[in-house]
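Dear colleague,

Here is the structure I said I would pass on. My notes on a cavity and on some helix contacts follow below it.

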Amino acid sequence: MTTTTAPATSRKGPAASRRTPAVSRPRKSRFGWNVLGLLVFVTAGFPVYWMLNTAFKPAKDAIDSDPSLLPTALTLDNFSRALDIADFWGPVGRSLIVSLSVVLIGIVVGMLAALAISRFAFRGRKIVIVGILAVQMVPLVAMIIPVFLLLNDLGQYDRLTGLIITYLTFILPFTVWTLRGFIVNIPKELEEAAMVDGCSRTSAFIRVVFPLLAPGMVATSVYAFIQAWNEYLYALMLLSQKNQTATVWLGNFTTKHGTEYAPMMAGSTMMAVPVVVLFLLVQRKMAAGLTAGAVKG
């Protein structure tokens with residue numbers, strides 16, 4: 001009696017050859033995506049690196065016609081110059097007041113509006129949703145003259161309250177639309193189960209919906225803060241120099257004699273610190289909020 005092993009060998013050979021491309025394709029695809037991600041990171045991160053590089057290099061090197069990619073010398077004189085050229089803490093404090101006020105008011109009002117749109121059926125509901133989208137499509141520069149005339153008639157020109165109201169007009173639609181997406185993805189059955197157990201509608205929202213909505217509120221708050229913190233045009237047109245915000249303060253480095261690039265980059269670096277600190281504090285909640293509205297539960 002003889003044993004035949006040739007068929008088993010013949011079965012293994014073609015099977016192994018068929019599996020080999022299936023293993024190599026994901027590796028090639030993964031390598032391509034890694035290269036693409038690296039290119040995106042370099043493209044997005046290079047301006048930040050160049051800002052830091054210019055902020056710490058001597059002022060004469062910042063205007064060199066043949067700048068070096070790596071710093072040859074480091075100095076803190078640009079930060080001293082940025083603090084001395086004009087009042088720094090006043091504009092930063094006003095920017096913080098405006099941004100935090102916009103975030104707090106926008107989150108509270110936006111959450112209530114998003115809850116009403118998501119949970120209650122009323123006449124004109126679709127019109128409200130379409131209106132929110134339409135408002136976000138209007139360019140901000142197109143509204144600068146009407147906003148200026150309106151605030152002037154109301155006595156809110158050159159006041160932080162007028163700037164806060166103005167920022168709310170374009171941050172509230174964004175807040176309502178974003179929070180609506182998070183609320184829609186929270187099943188109604190959770191509220192109904194809490195109400196069956198004896199909770200009122202308000203108590204069910206506070207105990208059940210609000211904890212699930214918290215990551216989305218954090219993510220929305222961060223983006224709203226960045227929009228208010230970085231806004232320049234309305235702050236320039238609606239406030240005088242004595243009430244200027246941090247973004248307008250950067251304009252002091254551009255004069256009729258030219259632009260002081262190194263101190264300007266130092267000022268930009270100091271302005272970026274509050275946003276970076278905010279990201280570090282809420283990065284986990286923000287990551288959870290960004291993925292919470294991705295899949296409907």
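The largest cavity is lined by Ser-95, Val-98, Ser-99, Tyr-167, Ala-228, Trp-229, Glu-231 and Thr-245. Two elements give two or more residues each to this lining, namely α4 (89–119) and α9 (201–230). The largest share is that of α4, with three residues. Sorted by class, the lining holds four nonpolar, three polar and one charged residues. The volume of the largest cavity is about 30 Å³, and the count of cavities of 30 Å³ or more comes to one. Please keep in mind that this is a predicted model.

The pair α4 and α9 also forms a helix contact. Their axes come within 9 Å of each other and cross at roughly 140 degrees. Angles over 145 degrees would count as roughly antiparallel, so α4 is classed as oblique to α9. The crossing of α4 past α9 is right-handed. On the α4 side the contact is made by Val-92, Ser-95, Leu-96, Ser-99, Leu-100, Val-102, Val-103, Ile-107, Met-111 and Leu-115. They meet Phe-205, Phe-210, Leu-213, Met-217, Thr-220, Ser-221, Ala-224, Phe-225, Ala-228 and Trp-229 of α9. By class this contact has 16 nonpolar residues, four polar ones and no charged ones. Some names occur in both lists: Ser-95, Ser-99, Ala-228 and Trp-229 are among the cavity lining and also take part in the contact of α4 with α9.

Helix α9 has a further contact, with α8 (residues 188–196). These two helices pack at an angle of about 140 degrees, and their axes are 9 Å apart. They are therefore oblique to each other, and their crossing is right-handed. From α8 the residues involved are Leu-190, Glu-191, Ala-194 and Met-195, and they meet Arg-201, Ala-204, Val-208, Val-209 and Leu-212 in α9. Seven residues of this contact are nonpolar, none is polar and two are charged.

The remaining pair in my notes is α5 (residues 125–137) with α7 (residues 160–184). The axes come within 9 Å and cross at roughly 130 degrees, and α5 and α7 are therefore oblique to each other. Which hand does the crossing of α5 and α7 have? Here α5 passes α7 in a left-handed crossing. In α5 the contact residues are Ile-129, Ile-132, Leu-133, Val-135 and Gln-136. Their partners in α7 are Thr-169, Pro-173, Phe-174, Val-176, Trp-177 and Arg-180. The classes here are eight nonpolar, two polar and one charged.

The contact of α4 with α9 can be viewed next, including Ser-95 and Ser-99 on α4 and Ala-228 and Trp-229 on α9.

Regards

Notes. Residues numbered from 1 in each chain as written. Predicted model: local features only at pLDDT ≥ 70, side-chain atom pairs only at ≥ 80, totals over all residues. Heavy atoms only, no water. 1 Å grid on protein atoms, 1.4 Å probe; cavity = no way out; pocket = protein on both sides within 12 Å on 5 of 7 lines; lining within 4 Å. Points joined across faces, edges and corners; volume = space filled by probe spheres on them. Helix = DSSP H or I, 4+ residues; strand = E, 2+ residues; numbered from the N terminus. Nonpolar A, V, L, I, M, F, W, Y, C, P; charged D, E, K, R; others polar. Axes fitted to C-alpha atoms, helices over the stretch in contact; angles between N-to-C directions. Parallel < 35°, antiparallel > 145°, perpendicular 65-115°, else oblique. Left-handed = near helix turned anticlockwise from the far one by under 90°. Contact = heavy atoms within 4.5 Å.
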